[in-house]
Structures are given as C-alpha cells and as structure tokens.
Amino acid sequence: MNVQIEDGWKKVLGEEFEKPYFHHLTSSLKSEKKAGITIFPPGSLIFNAFNTTPFDAIKVVILGQDPYHRFGQAHGLCFSVQEGIPIPPSLINIFKEIKRDLGIEPPLSGNLTAWAKQGILLLNAVLTVRTHEAASHANLGWMNFTDAVIQKISTEKKGIVFLLWGKFAQSKESLIDAKKHFILKAAHPSPLSASNGFIGCKHFSQVNHILTRQGKTPIDWDLKKMNEQS
C-alpha cells in the first residue's frame, strides 16, 4: 500500500510503515482486493482521519472500533457517515447528547468532517472492513498501528482530551499518560448501552471547558450551522 498521509503523521509514524506487521497488513489487503472482495472505506479514504486532522492540529481524540461495513457509509472517520447516508443509531445518540448538553439541534447529515477539521481525531482502532462483515479485519494488524498512534500522541503531545466510550475504547486507556492528558469515559452511545452512562455524560461541554482552560479554541459542535455556512 502506498500510504498517502499528512506530513506530520508521516514523520511521527514513518517507522510503523516499515514494520513486518504493516507489510503483512498491506499484502493481505491487496490479496483481498485482487480476489474481488470489496473493502471499506475506499483506499483513498483509509487514512482520512489523519489527513483531515494533521498531527500538529490534534486537540481531541474520539476512539471508535470498526468502520461501517455497508455501501456508502465509511469514509475513514469514526462514527461518521458520508453525505446522504442515513444517520446510524450510535451517532443519533451522540447528537441527542449534544442537544441535552449544549442545546444544539441535531444536523441532517452524519458527516463529521467539520469536527475533524477543528482538531478532533476521529480514529477507528481498525481502519478497514470487508463489505457486510463487521470486524472482518480486526485481526489483520490494524490495532498494532492504531495502538502506536495513541502512544505517539500520548508521548509527543500534552493536554489532549481523549473520549473513551464503551469497554473497547476504555481498554486503550493504558496507552495514555493520564498525567499529561485528559481522559473522559462513558458507556458506548449504541442504543444497547447508551442508557448506562452515555446519556447525561456532558462530555461535549467538558471538552470545551478543558480546551478553554488551556487557552485553546473550543470545538464548535454545531454541525448544522457549519454545514449551512460551508
């Protein structure tokens, strides 16, 4: 795989692209494509989170697990879907919590690119998936890569806000230096678990309070307004 990734990330992650696990990963993806297997997101969008949120711009990290596996959904940003695609249930609950927390009306689109452009790294732990086969690339090696991403952010940055929703995301907490960074935890926003602590978590106002306290520009969570302006 010819990795097209933002220069700051390339500098930080360069050694990962040369490791045996990454060569095995790219070889496996090429073999599946050659066999006619459809993989999401499209190749040009696999590293979309990194290209939309440069390494030097990161303020917040939201950690997801696996890309959406239906046509037209995944575009390389966790929880986000492309324009014109129905908003998935977990994202609906995220928008509902933003309204509860900040009074912001939910947008019509589930495209979260405007958040990513403000410094929110929307990182899935696994960056690809086979069509209609959830978690089909979970053991391909991507988690070696994204664990390294989290560790690099933890080591080289300071004052990043990590949002860990659900047990899987929280299993990555050990990769983060809690003395240097801020970790906010809640249940996953899925309808199966949102009532166990995601609803009412107020993470979105907390993020902005933490950023403001550090002298950083807060996040404008209002996607509806931002989409109308663009």
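1. Helices here are DSSP runs of H or I with at least four residues, numbered from the N terminus. On that basis H23 belongs to helix α2, which spans residues 20-34. The model is a predicted one, and the remarks below should be read as remarks on a prediction.

2. H23 has a relative accessibility of 44% and therefore counts as partly exposed, since that class lies between the limits of 20% and 50%. Apart from neighbours within four places in sequence, H23 is in contact with F17 and E18. How far is the C-alpha atom of H23 from that of Q82? The separation is 29 Å, for two residues that are 59 residues apart along the chain.

3. The secondary structure of the protein chain consists of 9 helices and 6 strands. Several of the points that follow concern the loops between these elements.

4. There is a cis peptide bond from F40 to P41, and its omega is near -10°. P41 sits in the loop that runs between β1 (39-40) and α3 (48-52).

5. F79 lies in the loop between β2 (60-64) and α4 (89-102). Is F79 buried or exposed? Its relative accessible area is 10%, so F79 is buried, the limit being under 20%.

6. H132 also calls for a backbone check. Its phi is positive, about 60°, and H132 is not a glycine. The residue is placed in the loop between β4 (129-130) and α6 (142-156).

7. D222 is located in the loop between α8 (203-213) and α9 (223-229). With a relative accessible area of 19%, D222 is classed as buried, because the class takes values under 20%. Which residues does D222 touch, leaving aside its neighbours within four places in sequence? They are I104 and E105.

8. S193 is a further loop residue, found between β6 (182-186) and α8. At 17% relative accessible area, S193 is buried. Once its neighbours within four places in sequence are left aside, S193 is in contact with A187 and H188.

9. Now the chain as a whole.

10. Of the 230 residues in the protein chain, 53% are buried. Among contacts with a separation of 6 or more, 67% are between residues 24 or more positions apart.

11. The protein chain has an accessible surface of about 10,700 Å². Carbon and sulfur atoms account for 52% of that surface.

12. How many positive and negative charges does the protein chain carry? There are 26 positive and 20 negative charges, and their mean positions are 2 Å apart.

Methods. Residues numbered from 1 in each chain as written. Predicted model: local features only at pLDDT ≥ 70, side-chain atom pairs only at ≥ 80, totals over all residues. Heavy atoms only, no water. Helix = DSSP H or I, 4+ residues; strand = E, 2+ residues; numbered from the N terminus. Buried < 20%, exposed > 50% of the residue type's maximum accessible area, 1.4 Å probe, protein only. Contact = heavy atoms within 4.5 Å. Areas by Shrake-Rupley, 256 points an atom, 1.4 Å probe, with all protein chains shown as cover. Lys, Arg positive; Asp, Glu negative; His and termini not counted. Charge placed at Lys NZ, Arg CZ, Asp CG, Glu CD.
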